[in-house]
Amino acid sequence: MPKFLTSINAISWYFLFPVIFIHFFVVMFPSVLSLLLCLTDWNGFGRINYVGLENFQELFRDRVFKKAVKHNIIWTVMFLTIPVIVALIIAYLLTGIKRGQLFYRLVYFFPYILASIVNCLIWRYIFHPRHGLGGWFENQGIDFLAKSPFAMKETALYAVAWVDMWHFWGFLVIIYLTGMYQVDDSLYEAADIEGATKFQKFRYITLPMIRPIFVLSLIIIIIWSVPTFDYVYILTMGGPAYSSEVVANHLYSQAFQRMNVGYASTIGVMMFFYVGIIVGFFAILRRMGWEV
Amino acid sequence: MNKILNIFLTFILTAFFATSTFAATKVVWWMESSADTDPTVQEMMCDAFNAEQDEVELECVFKEDINDTIRPALLSGSGPDMFDTPGASYIKIYQDAGLVKSMQEYADQYGWQDKLLGWAYNSGVFDGELYSIPKNYETMIYFYNKTLFEENGWSTPNNLEEVESLAAKIKAKGMNVYAYGSAGWQPTHEHLVGNYFNTYAGPDNVYKALIGEKKWTDPEFVEAIELLRKHMVDEGYWSGDLETYYSLDWDDFNNEFATRGSAMLMIGTWGFNVTATNFGETSDDWDWNPLPILNSQAGSAPNYQLATGGTMSINAASKNADGAAKVIDWILSDKERALKVTGSLGYGAWLLPLKYTDADFDPNIDPRQKRFLTEFAEASDSGNYGYTTWTFYPNDPGVHIWKDMEVVWAGDITPLEFMEESQRLWDQARADDALVPVGKR
């Protein structure tokens, strides 16, 4: 047997082969197929007709797609601020707790391990106009939450995002906490000698020291916000009147309800490029010497 | 020794060929799953079929979201011998792709056209050949709390003026006019749109629009949508207001109706079972009526909208198509058995569109349900019928009807803009040859 076939490098590839093989057929091949399908009018079953860039032209005329993109941007901004700020504060406060910290970590992390359908049903019930808080307040003679925020077009997107954030922020607490525990104690001791306040220690020691983890969390949030789907699908189906429609929901509707698989592939390709740009942006920052 | 071996091998080979030759043909059928009905269907259909004959062995497999499940199976050239679909518009797509087998030779052989109601048979005919048979038929009606109506001296309405006058009286009593909600099934908006098309614009106009002789942007359709918008948004007929309508699911609104939160329930005939069950737990009585006519151009007598709730077909790749056809023929051949099955499901499922007569019914049947079955058969036979969106609309315009109705209710587009988009999608579907069959009126 030739020596290169038994070298350490070759053996590594043998072990990697099954994963690469599966990845090729499950991820790569459908992705490439999707790139081709966006140039067709395929309905998912029959003849495939080449339509050139017609789907892309349609995309820019599609008012629902534009609305969905806007909602995805709002969604991303919300996730980049509210859960991040809350998780940073809570994680920092938790570092000061010596006894019972595990209990808090469990409580904060618990929603993250629940299935999305469970989280959604809990909150749908809480906001139910008859059985939830609205009904309870009504019985007390108070007109508060009489209408479910999921059912009002002004609040639906924010209400769904709230539920998703409630499930997500505990995850951020855990990763920030892990980062904070890696900060060298001597830095804090030096700051104490200099008379630094708690906020100053957080601002000038903790935050810079956990920057790699912090930036990683931002990248995760931005990338995960693009295909966000389940919470919107379960709670509002993108309604009322597309007020909570996000891009992945629009893709699903086009592919599986309207049977416009070619057009849905175009939406998928746009999502792919968007994620590519985000990843490329952070790659450039890294090349410029940023610790990301 | 050789002799013993020969005898043994002969025995083995004979047993093998006998088993292969005389073994029953196995037919696998993927059905839409419903936890409430699956055990009954398994027992009264699948097991009963297997017990009655030994030529074909039927295996029923109940699947959630059958359309999502069957699609990859058919595309891969495998899948079951028989399968359900949600409706005719899906069959059209499968037929175009060559994934579903023409059943015309079996229909001719077994005389299925004579057994099925004409409109139901025609709903599965594409390019002159039969591709699907409805498993269930349904229509839109309204239930009302009979006791409540009698206590208050209210009469059931027959026209728009009476509907609006009754609604005002019901609201004055602190109740909602209709119990309903879309939280469990967002596409239910299309039920309401279909009701207003058929009772305001009228079935003749809907038919003309379906076959392209009229535009969906014509005034009667736009006015029908405007009236629905007014009743939903301005008047809050359904569960009090639009937001509550969006929040209530199946259990919520059925409970609201049975507990006098609402006086009426506008729904499909699949509501018979739950209404009878819920009212059985109260001291109130219920009854039903066809939907009132809201405009004189919709005719003088109430019409029944035609709808098929699920279809059965044979996979083009099936190697046991003959066996599958025998299963279908067995199902269609005994009206008494068919009524027994649907009766045990509260007439909400497996109501096969067969030509029933009075003599076919169990004498113990609830007279209200029997009245529906006979009146519907008479009305549809005499041409007094309308059209539901989920049976006669192609996919894209069908989705538009329920998805974009919310946009009208939100005030983001006008009823005319809504119907213009509808017309555009219909034009596109017509150009793509994606229309579903509509029998001649």
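Helix H11 of chain B is followed by B:Gly212, whose phi is positive, near 90 degrees; helices (H or I, at least four residues) and strands (E, at least two) are DSSP runs, numbered from the N terminus. This is a predicted model, in which local features need pLDDT of at least 70 and side-chain atom pairs count only at pLDDT 80 or more, while totals for chains, interfaces and linings use all residues. Residues are numbered from 1 along each chain as its sequence is written, chains are lettered from A and ligands numbered from 1 in the order in which they are written, and side-chain values use heavy atoms, with hydrogens and water left out.

The domain assignment of chain B gives domain 1 (24–136 + 309–379) and domain 2 (138–306 + 385–431), with bounds that come from an automatic or database domain assignment. The C-alpha centres of these two domains of chain B lie 28 Å apart, and the contact takes 19 residues from domain 1 and 19 residues from domain 2. In chain A, the assignment gives domain 1 (1–28) and domain 2 (38–287), and 36 Å separate the centres of these two domains, taken over C-alpha atoms.

Which residues touch the most other members of the largest nonpolar core? Of the 127 residues in this core, they are B:Phe197, B:Trp238 and B:Trp350; a nonpolar core is a set of buried Ala, Val, Leu, Ile, Met, Phe, Trp, Tyr and Cys residues joined through side-chain atoms within 4.5 Å. Helix H16 (residues 321–332) of chain B gives the most to this core, with eight residues. Apart from it lies another core, of 40 residues, among them A:Ile90, A:Phe150, A:Tyr176 and A:Met180.

B:Trp350 is placed in the loop between helix H17 (335–344) and helix H18 (367–381) of chain B, and B:Trp350 has a positive phi of about 55 degrees although it is not a glycine. With a relative accessible area of 5%, B:Trp350 is buried.

A search of the whole structure finds three cavities of 30 Å³ or more, a cavity being a set of points, on a 1 Å grid over the protein atoms alone, where a 1.4 Å probe fits but cannot get out, whereas a pocket is an open set with protein on both sides within 12 Å along at least five of seven lines, and lining residues have an atom within 4 Å of a point. The largest cavity has a volume of about 70 Å³, where grid points are joined across faces, edges and corners and a volume is the space filled by probe spheres set on the points. Helix H10 (residues 189–201) of chain B gives the most to its lining, with three residues.

The second largest pocket holds about 1400 Å³ of space. Of the 45 residues that line this pocket, the closest to its centre are A:Arg258, A:Asn260, B:Asp396, B:Gln428 and B:Asp432. The largest share of the lining, seven residues, comes from H22 of chain B.

In chain A, A:Asn72 lies in helix H3 (residues 63–95) and counts as buried because its relative accessibility is 8%. A cis peptide bond, with omega about -10 degrees, joins A:Gly239 and A:Pro240, and A:Pro240 is found in the loop between helix H11 (230–235) and H12 of chain A.

Key: Buried means under 20% relative accessible area, exposed over 50%, partly exposed in between (1.4 Å probe, protein chains only). Contact means heavy atoms within 4.5 Å.
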